[in-house]
Amino acid sequence: MTTQAVQAQIQLSTGEIVDLQSTVTDGSSQELKTSASVISGGGISAQSLGTYADGKTISAILQPPTPASGSISWAYLQRNGAILSCLPVAAHGVVSQPIPFAIRLRAGDTIQVFTRAAAAPRDVSLNVVTQSGTHAIFTAVNSASTTNNLTHILNSQSLGENLANQRIMSHYVNSTNGATMRGGSVLYINDRGLPAGSCIAINPNNLQMQPNSMATAVIGLNFQASTVTTA
C-alpha cells in the first residue's frame with residue numbers, strides 16, 4: 001500500500017493556529033492529527049484534534065486537508081463514529097481564502113481523510129448538508145460509459161435510504177474527472193428515473209472547494225445520487 005503526507009491548518013476562536021500533518025495510507029479512511037514538527041525544534045506531539053483542543057471552537061479552516069502528491073477524495077470531522085461536519089479538501093497552491101467555521105470541539109473528535117496515490121483518480125464524492133443539520137458524504141469510483149450510484153462512506157446506504165424526507169440545503173462535489181460525467185455533475189435521480197437536482201463537480205486541482213445551494217432537492221426514499229459517464 002502507498003502512503004503520503006496530508007496537511008491542514010485551522011484557527012481556533014482563541015486565536016491559536018493548529019497545524020495538522022499525518023502520513024496516511026492511500027485507499028482507506030485515516031486520521032489526520034496535530035503536527036509534531038512545524039519548524040525545527042517546534043510543534044507538538046501528534047494527537048487527535050479533539051484531544052488537543054477539547055472545549056475550544058474552530059473559527060476558520062486556513063488550509064483544508066491537502067495531500068502531498070496524490071489526491072484526496074473526502075474529509076470530515078468525526079464525533080462518536082459519525083460525520084459531525086463535512087470538510088473541504090484542496091490541492092497545493094489552489095486555496096485562495098480561509099473558510100469560516102464554527103464547531104466546538106470535544107475530546108474524541110477526529111479528522112478523517114481518504115486519499116489516493118493518483119493525482120487524478122476516478123473517485124467522485126458528494127458532500128451534503130440537510131435542513132436538519134445532517135452532514136453526509138456519498139462516494140463512488142466512476143466506471144466508464146455507464147451509470148454509477150454513489151453510496152454513503154460509513155454505511156453504504158444510497159442517497160434515499162440515508163436522507164429520506166430531508167431537504168439538501170447545500171452541497172458540493174469533489175472530482176477530478178467531471179469532464180467524463182454528463183452535465184459535469186452528480187444527479188439526484190428520483191423514483192421515476194428523472195433528475196430532481198444536481199451538484200456540479202469541482203476539480204480541486206483547479207478551484208477551491210466551495211459549497212453551493214443551487215439545484216438542491218427534497219430527497220425521497222428511492223432517490224439515487226448518480227453519475228452518467230461518457231468515457
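Predicted model: local features only at pLDDT ≥ 70, side-chain atom pairs only at ≥ 80, totals over all residues.

User: What makes the pair Gln166 and Thr130 a polar contact?

Analyst: The distance between the two side chains is 2.7 Å, and the cut-off for N or O atoms is within 3.5 Å, so the pair qualifies as a polar contact. Gln166 also touches other residues beyond four places away in sequence, including Gln131, Ser132, Ala217 and Ile219.

User: Why is Met169 called partly exposed?

Analyst: Met169 has a relative accessible area of 40%. Buried would need under 20% and exposed over 50%, so with its 40% Met169 is partly exposed. Met169 sits in strand E13. Leaving aside neighbours within four places in sequence, its contacts include Val129, Thr130, Asn212 and Thr216.

User: How far apart are Met169 and Ser198 in sequence and in space?

Analyst: They are 29 residues apart in sequence and 12 Å apart in space, going from C-alpha to C-alpha.

User: What makes E11 and E12 edge strands?

Analyst: Let's start with the sheet. Its 8 strands run in the order E11-E16-E14-E15-E13-E9-E10-E12, and the sheet is open with mixed pairing. Strand E11 (147-149) and strand E12 (151-152) each pair on one side only, and they are the edge strands.

User: How do you know that E11 and E16 pair?

Analyst: Pairing takes at least two bridges; E11 and strand E16 (residues 224-228) have 3, so they count as paired. The sense is antiparallel, and Val228 in E16 is the bridge partner of Thr147.

User: Which residues touch the most other members of the largest nonpolar core?

Analyst: Leu20, Leu49 and Ile111 do, in a core of 33 residues. Elements giving two or more residues to this core include strand E1 (3-12), strand E2 (17-25) and strand E8 (110-116). The largest share, 5 residues, comes from E5. Ile111 is in contact with Leu20, Leu49, Tyr76 and Leu87, among others, leaving aside neighbours within four places in sequence. Apart from this core lies another, of 20 residues, among them Tyr188, Ala201, Ala217 and Ile219.

How values were computed:
Residues numbered from 1 in each chain as written. Heavy atoms only, no water. Polar contact = N/O pair within 3.5 Å; in protein donor to acceptor, adjacent residues only side chain to side chain. Contact = heavy atoms within 4.5 Å. Helix = DSSP H or I, 4+ residues; strand = E, 2+ residues; numbered from the N terminus. Core = buried A, V, L, I, M, F, W, Y, C linked by side-chain atoms within 4.5 Å. Buried < 20%, exposed > 50% of the residue type's maximum accessible area, 1.4 Å probe, protein only.
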